[in-house]
Amino acid sequence: MRKWLKKYFIPHKENDHQPHILRYEATIAVLSFTLLIEILFLYTTLYIFPGTNFLSAILPDALVRQTNETRETANLSSLKTNPLLEQAAKLKAEDMASRGYFSHNTPDGLTPWHWLEVVGYRFGAAGENLAVNFIDSADVTKAWIDSPSHRANILNNGFTEIGIATAKGNYNGRETIFVVQFLGRPSSLLASLPQAFAQEKEPAINESETFVLTEEPQEPIVAAQSLEQKNLPEITLAVVEKAATSPRATTNLAFLTLATIIFLALALKIFIKIEIQYPRLITNGVIMLIIIASALLINHYLAVSQIIVL
């Protein structure tokens with residue numbers, strides 16, 4: 001292994017001070033790998049996900065996990081999945097998908113709490129977050145966290161339960177996945193706790209291409225905190241789940257790892273034997289870095305450049 005690393009990364013007499021990682025053959029291999037990964041990413045996000053139910057089927061669990069990870073970093077207790085909240089979220093998502101709107105209130109004026117009443121979820125506190133037009137679960141969570149109102153919902157210590165659902169539909173002429181996140185606390189917890197009614201705020205609605213919306217929580221209260229420990233199977237599941245539901249993050253990790261290797265090889269080539277330089281090798285390294293950076297910028301534009309948080 002040491003001999004292989006020296007051959008490919010360290011300029012010395014045996015490789016004629018030309019590390020193999022920067023030679024023409026390796027450059028072609030790296031560029032081919034980069035192109036293959038980029039094509040796979042684009043094909044998955046632009047064709048496979050929109051044409052199948054794969055992402056919408058596994059997305060809710062990923063978003064629940066990411067929401068709880070965010071809460072745990074703030075030393076808040078994890079939210080427990082409630083089937084009624086999931087059912088309410090599914091009804092709301094399917095209604096938006098079938099009728100082609102994106103708003104907290106339906107076109108005929110029904111509020112988010114209507115769906116909780118339909119499924120029989122009696123709440124003491126409730127909140128709603130929405131998202132549409134995305135290709136990566138991590139981008140949805142980040143958009144929510146970057147918005148003060150959405151972040152307040154997710155980090156509201158008065159919420160104890162969560163339900164997330166998705167539905168495929170068409171919005172503004174684009175095939176997309178609607179995401180509904182309901183957060184709540186059953187009304188039974190209010191028996192011995194003071195009530196504090198939060199002022200309702202009208203959700204902002206914008207007709208731009210990508211949206212993330214929030215509905216202000218009602219009656220926020222303080223609840224007890226308890227962190228759940230993760231075992232090895234849960235960690236493994238989280239890794240596999242992240243790769244499947246966060247294709248951009250997974251692709252970026254591959255590209256950044258590759259770029260770091262190339263950058264280190266380039267630095268070693270330049271500074272270890274500074275009096276012996278091969279401009280062709282340096283050019284190869286720079287070209288590889290430019291191509292990788294271009295792929296990262298393209299993926300960023302496709303995924304997040306049009307996201308609007310309201």
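User: A nonpolar core is a set of buried Ala, Val, Leu, Ile, Met, Phe, Trp, Tyr and Cys residues joined through side-chain atoms within 4.5 Å. Which residues touch the most other members of the largest nonpolar core?

Analyst: This is a predicted model: local features need pLDDT of at least 70, side-chain atom pairs count only at pLDDT 80 or more, and totals for chains, interfaces and linings use all residues. Numbering runs from 1 along each chain as its sequence is written, and side-chain values use heavy atoms, leaving out hydrogens and water. Buried means under 20% relative accessible area, exposed over 50%, partly exposed in between (1.4 Å probe, protein chains only). The largest core has 22 residues, and those touching the most other members are Ala88, Met96, Phe102, Leu116, Phe178, Val180 and Phe182.

User: Which element gives the largest share of this core?

Analyst: Helices (H or I, at least four residues) and strands (E, at least two) are DSSP runs, numbered from the N terminus. Two or more core residues come from each of helix 4 (83–99), helix 5 (113–119), strand 2 (123–132), strand 3 (161–171) and strand 4 (174–186). The largest share, six residues, comes from helix 4.

User: Which residues does Leu116 touch, not counting residues up to four places away in sequence?

Analyst: Contact means heavy atoms within 4.5 Å. By that rule, Leu116 touches Leu85, Ala88, Tyr121, Phe123, Ala126 and Phe182.

User: How many residues are in the second, separate core?

Analyst: Leu59, Val140, Phe159 and Leu183 are among the members of this second core. Its residue count is 17.

User: How far apart in sequence are the parts that the pair of Trp113 and Phe123 ties together?

Analyst: Rings of Phe, Tyr and Trp (its six-membered ring) pair if their centres lie within 6.5 Å; planes under 30 degrees apart count as stacked, over 60 as edge-to-face and the rest as tilted. Trp113 and Phe123 form a tilted pair, 5.9 Å centre to centre with 45 degrees between the planes. Trp113 lies in helix 5 and Phe123 in strand 2, so the pair ties together parts whose separation in sequence is 10 residues.

User: What is the angle between the planes of Tyr171 and Phe178?

Analyst: Tyr171 is buried at 3% relative accessibility, and Phe178 is buried at 0%. The two rings form an edge-to-face pair, 6.1 Å centre to centre. The angle between their planes is 80 degrees.

User: What percentage of the chain's residues count as buried?

Analyst: The chain's secondary structure comes to 10 helices and six strands. Of its 310 residues, the buried part is 46%.
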